[in-house]
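Open the structure in your viewer and get ready to select a few residues at a time. We will take the stops one after another.

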Amino acid sequence: MKMISRFGLGLLLSSSLVTTAHADDVKIGMITTLSGGGSHLGVDVRDGFMLALEQSGRDDVEVLIQDDARRPDLARTLANEFMQRDEVDILTGIIWSNLAMAVVPSVVRQGTFYLSPNAGPSDLAGRMCHENYFNVAYQNDNLHGAMGAYMREEGYERPIIMAPNYPAGTDALAGFKYLYEGEVVGELYTQMGQTDYAAEIAQIRDSDADSLFFFLPGGMGISFMKQWESSGVDMPIFGAAFSFDEILIKAVGSAAIGARNTSLWAYDLENEANDRFVEGFREAYDRTPTLYAAQGYDTANLILSALETAHPDDKDAFREALRAADFDSVRGEFRFGPNQHPIQDIYVREVVEGDDGEPTNRLIGVAIEDIQDVYYEQCQM
């Protein structure tokens, strides 16, 4: 495995730093968030991805990594540099849906493969789908829709729901409502990067809701949960794993205990691929992986499985090899739908106190089986 890091980040695995590549090497450009708010999402995608390549033992895959600093304009520039100057075969890594919308359509139209390890905006699953675009994580609605279905089955009748006002946030609440199927008490949209939630907490307190569902990824979730705990509002909390990953809940502390969240993966999910991943990740990085690391790991292993059949230079053959998804996913069964987004089970986890006294997630069941996004019907691929 070969990795080039142009932003000065230390190489976290025993990789060789190179400046040249053989003609038949596969070049992968990774654009992800490695600084600023929410950077741990990009760090875990990168680390999971690189772990899979390290475990594979391949020496013909070159990975070039750049930090998008969560800026759509910078992400576009980096994508163009990777394609035009570096002539990468594959792009990957973007965390945020607004950055994905700024980058992916142009990339795939120019003939470069893009594999998403996280962002899954509805437009790219539906009307803007493309044969060169694969999402290895989910469509943005999926985890939220699964929680809507779960809360309905659990008997919650008056949820209030909240998310930031950007593509993944609007997808989140749309997905929740679609599978919850009932009426919600209220629908609150916050600003991206918001840190003060006093007004929203007051609205929740004054409502007659019997539960709260929210999607606030990264530092937004930390800020909200800490303010929620001090507010004294007593209401069951539900969300998606984006607000309850292992790093976030440790930053939140006791306020996270008891919250239930949906995820496509759990570190205590029992299968051979997941055991190898979790053990390898803890050994390499001295921490428990998040779902972002799991998604990065699966993305790399999908690419590796396709490379067993074809080189990206043969676009038709490589595309068919990706569609076959002939790899062992850490999440269990995995296959692509007709719009090249996953059809998969979504699990429910509960935040509990771990053996070390710190909050951790515990797998408690399956929220929904074989979920497929609704946007594939708009995909004319």
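Which residues are buried in H6? Select them and look: Ala168, Gly169, Asp171, Ala172, Leu173, Gly175, Phe176, Leu179 and Tyr180 are the buried ones in this helix. Buried means under 20% relative accessible area, exposed over 50%, and partly exposed in between, with a 1.4 Å probe and protein chains only. Helices (H or I, at least four residues) and strands (E, at least two) are DSSP runs, numbered from the N terminus.

Before we move on, a word about what you are viewing: this is a predicted model, in which local features need pLDDT of at least 70, side-chain atom pairs count only at pLDDT 80 or more, and totals for chains, interfaces and linings use all residues. Residues are numbered from 1 along each chain as its sequence is written, and side-chain values use heavy atoms, with hydrogens and water left out.

**Helix H6, end to end**

Now select residues 167-180, the whole of H6. At 1.5 Å a residue, these 14 residues should span 20 Å, and the end C-alpha atoms are 20 Å apart, so the two agree. The expected span is 1.5 Å times one less than the number of residues in the helix. Just after H6, click on Glu181, which takes a positive phi of about 75°.

Rolling a probe the size of a water molecule over the atoms shows where empty space is left.

Next, pick Ile95 in the loop between strand E4 (90-92) and H3. Ile95 counts as buried because its relative accessible area is 3%. Leaving aside neighbours within four places in sequence, Ile95 is in contact (heavy atoms within 4.5 Å) with Thr32, Thr33, Leu41, Gly42, Val45, Asn118 and Ala119.

Then go to Thr190 in strand E8 (residues 186-190). Thr190 is buried too, with a relative accessible area of 1%. Not counting residues up to four places away in sequence, the residues Thr190 touches include Met162, Tyr197 and Leu216.

**The disulfide**

How many disulfides are there? The count comes to one, where a disulfide is a pair of cysteine sulfur atoms within 2.5 Å. Select Cys129 and Cys379, whose sulfur atoms are 2.0 Å apart. The pair links distant parts of the chain, 250 residues apart: Cys129 is in the loop between helix H4 (122-125) and strand E6 (133-135), and Cys379 is in the segment after strand E14 (359-371). The torsion about their S-S bond is about 90°, so the disulfide is right-handed. Both cysteines, Cys129 and Cys379, are buried.

**Last stop: helix H10**

Finally, select residues 272-285 for H10. Among the buried residues of H10 are Phe277, Phe281 and Tyr285. The buried residues of H10 pack against helix H1 (39-56) and helix H11 (291-307). Just after H10, Asp286 takes a positive phi of about 60°.
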